Amino acid sequence: MYTHSNSRVALSAPLIMLRRLRFFPVILFITACASGGSAPPVPRAQPSTTPQVEEEPEAPTTSTESVVEPSTESLALEAAPDAWQLLDLESDGVPGVSSARTYDELLAGRAPSRSVIVAVIDGGIDTTHVDLRENLWINEDETPGNGVDDDGNGYVDDIYGWNFLGGTEGRSVGHETLEVTRLHSACLAGEPSPIEKSCQDIGADYRSEIDEVVQTLEILDQIEQAYAFALPILRRVGAGENPTRESVEPISAVRPDISQAKSLFLQLADILPAEDVPDAREAYEGLRDYGLNLEFNPRQEIVGDDLSVGIERGYGNSDVHANDPRHGTHVSGIIGAVRGNALGIDGIAANVQLMALRAVPDGDERDKDVANAIRYAVDNGAHIINMSFGKGFSPRKSLVDDAVRYADERGVLLVHAAGNDGEDIDPGDNFPTQVFENGARATNWIEVGAANWQVDSLAATFSNYGQTNVDVFSPGVDILSTVPGSEYEREDGTSMAAPVVSGVAALLMAYFPDLDAADVRRIILESSVTYADEMVARPGDGARISFGRLSVTGGVVNVYEAVRMALEQR
């Protein structure tokens with residue numbers, strides 16, 4: 001699961017911003033203000049205050065369709081419109097995938113020719129969500145609740161999919177350790193390293209993770225102290241019970257304490273809003289208490305499977321909702337929330353079925369579960385597999401490679417989120433990956449980076465990138481979608497960008513049934529709207545480079561252009 005360096009692709013906005021705090025002298029500023037002194041402003045959350053421009057050759061692109069100039073309308077917007085991923089740059093001022101325009105224009109009067117199954121390998125799905133339940137995949141060969149494997153596929157009562165993190169008593173793994181923790185623990189027990197890194201290097205990586213978590217929690221302490229100083233003052237002078245930027249900016253700073261409180265609030269609001277502090281603390285305390293805890297091992301007690309066995313059917317249980325299905329529910333809504341029901345949002349794809357495969361805990365997923373989930377999806381008819389998760393180590397990569405080959409050879413399209421560390425993943429480790437251990441590549445694989453709704457800052461600041469290993473970018477900032485309890489909320493991350501691409505792929509397969517996975521992949525990449533020459537801040541360090549150097553295509557996915565290309569090639 002992407003939420004942390006060397007580990008985890010759903011990254012909430014608070015955690016994205018919080019990870020950058022360790023680069024800044026925030027504590028000195030907060031301490032000075034809280035004591036009544038003065039200090040220079042807190043820098044905004046950018047690792048470099050003076051972005052550099054790199055003068056290097058621009059990357060070639062494979063995108064052959066539209067070239068779009070920045071829109072003055074998009075520059076004038078102050079916030080991302082609801083469900084902007086569905087919108088159009090020309091019509092709406094944001095670089096969405098133009099699905100609303102596609103249905104209104106290119107697909108008007110047309111009906112999908114087949115139903116497309118998209119397997120969502122994730123942390124589970126809320127199967128009761130009013131905007132999803134109609135589009136859930138249902139195993140019609142299985143009788144619910146009879147305790148029998150009616151269809152003989154090796155899984156009992158797998159009505160909506162399968163939970164590879166469950167146990168026979170109905171419990172499920174929630175918190176889990178990071179892969180680096182498991183590797184370090186094995187090294188301490190005298191086992192040889194199963195990866196190219198030595199046990200010494202693994203230990204150094206583990207200690208680095210510990211240090212980052214400790215430092216981040218210390219910074220959170222300071223942020224909480226800062227808000228404890230600023231919020232009471234702002235409330236007393238009319239900013240409201242829950243101050244916002246809009247209520248604080250007009251306040252007249254007639255006293256030094258009001259001036260300090262106002263300045264502190266406005267600057268911290270750009271880094272970590274007060275309402276997001278509890279979630280950030282919970283996440284990092286979870287890493288400390290569970291993810292990096294060498295003594296924590298829920299798998300053995302709850303699931304009880306033999307981890308030495310790689311390819312295995314039947315372990316787990318049928319509870320695809322389980323502990324916390326928020327992430328998978330959000331991902332699923334982007335792909336296939338029910339269209340046209342006047343509720344919440346429309347998914348990108350019509351005539352889609354969402355298969356729920358729970359293999360991603362609150363921690364790092366295990367290679368065994370990923371491999372078996374991929375195989376389940378293929379064996380039970382999935383056309384597309386969405387994978388919004390990832391990690392920095394893969395000790396049993398061959399298991400996952402074999403499963404990816406299994407899907408690839410059977411014409412299943414795999415869509416994977418690139419991750420949220422703001423790093424170039426061409427030289428680094430980011431798993432699962434389209435690159436096999438022997439250097440060959442999966443044919444039917446799309447690696448997706450996250451695009452922002454503002455064209456002048458098109459690359460999301462957190463997104464991983466790579467001229468070789470990231471194929472294309474897709475909307476991944478402020479994405480409105482479904483969450484448990486039939487609610488809707490916004491999330492950030494390449495976890496959100498990948499299902500946008502899966503939704504586009506499902507739409508193409510539904511309306512153009514003669515297209516196979518390779519055709520769909522080619523059309524999506526070749527029809528992406530190119531911004532190759534647009535200068536952007538490189539994710540991670542803020543250096544100014546061309547957008548074309550962040551991916552193979554230098555483009556952003558666009559279903560209008562994809563459908564137009566598919567129509568032209570019929």
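**Briefing: a helix pair and one tyrosine**

Helix α15 (residues 494–511) packs against helix α17 (residues 559–568) at an angle of about 25°, and their axes lie 11 Å apart. That angle makes α15 roughly parallel to α17 (angles under 35 degrees count as such). This is a predicted model: local features need pLDDT of at least 70, side-chain atom pairs count only at pLDDT 80 or more, and totals for chains, interfaces and linings use all residues. Residues are numbered from 1 along each chain as its sequence is written, and side-chain values use heavy atoms, with hydrogens and water left out.

**The helix pair**
- α15 passes α17 in a right-handed crossing (the near helix is turned clockwise from the far one by less than a right angle).
- V504, L507 and L508 of α15 meet V559, A562, V563 and A566 of α17; contact means heavy atoms within 4.5 Å.
- By class, this contact of α15 with α17 has seven nonpolar, no polar and no charged residues.

**The whole chain**
- The protein chain has 17 helices and 13 strands (DSSP runs: H or I of at least four residues for helices, E of at least two for strands).
- Of its 570 residues, 58% count as buried, meaning under 20% relative accessible area with a 1.4 Å probe.
- The protein chain exposes about 21,900 Å², and carbon and sulfur atoms supply 47% of it.

**Y290**
- Y290 is found in helix α10 (residues 277–291).
- Y290 counts as partly exposed because its relative accessibility is 30%; that class lies between 20% and 50%.
- Y290 touches H175, E176, T177 and F296, leaving aside residues up to four places away in sequence.
- Y290 and T181 are 109 residues apart in sequence, and their C-alpha atoms are 9.7 Å apart in space.

Terms used:
Accessible areas come from the Shrake-Rupley method with a 1.4 Å probe; for residues, only the protein chains shown count as cover. Axes are lines fitted to C-alpha atoms, for helices over the stretch in contact, and angles run from 0 to 180 degrees between N-to-C directions. Angles under 35 degrees count as roughly parallel, over 145 as roughly antiparallel, 65 to 115 as roughly perpendicular and the rest as oblique. Ala, Val, Leu, Ile, Met, Phe, Trp, Tyr, Cys and Pro count as nonpolar, Asp, Glu, Lys and Arg as charged, and the others, Gly among them, as polar.
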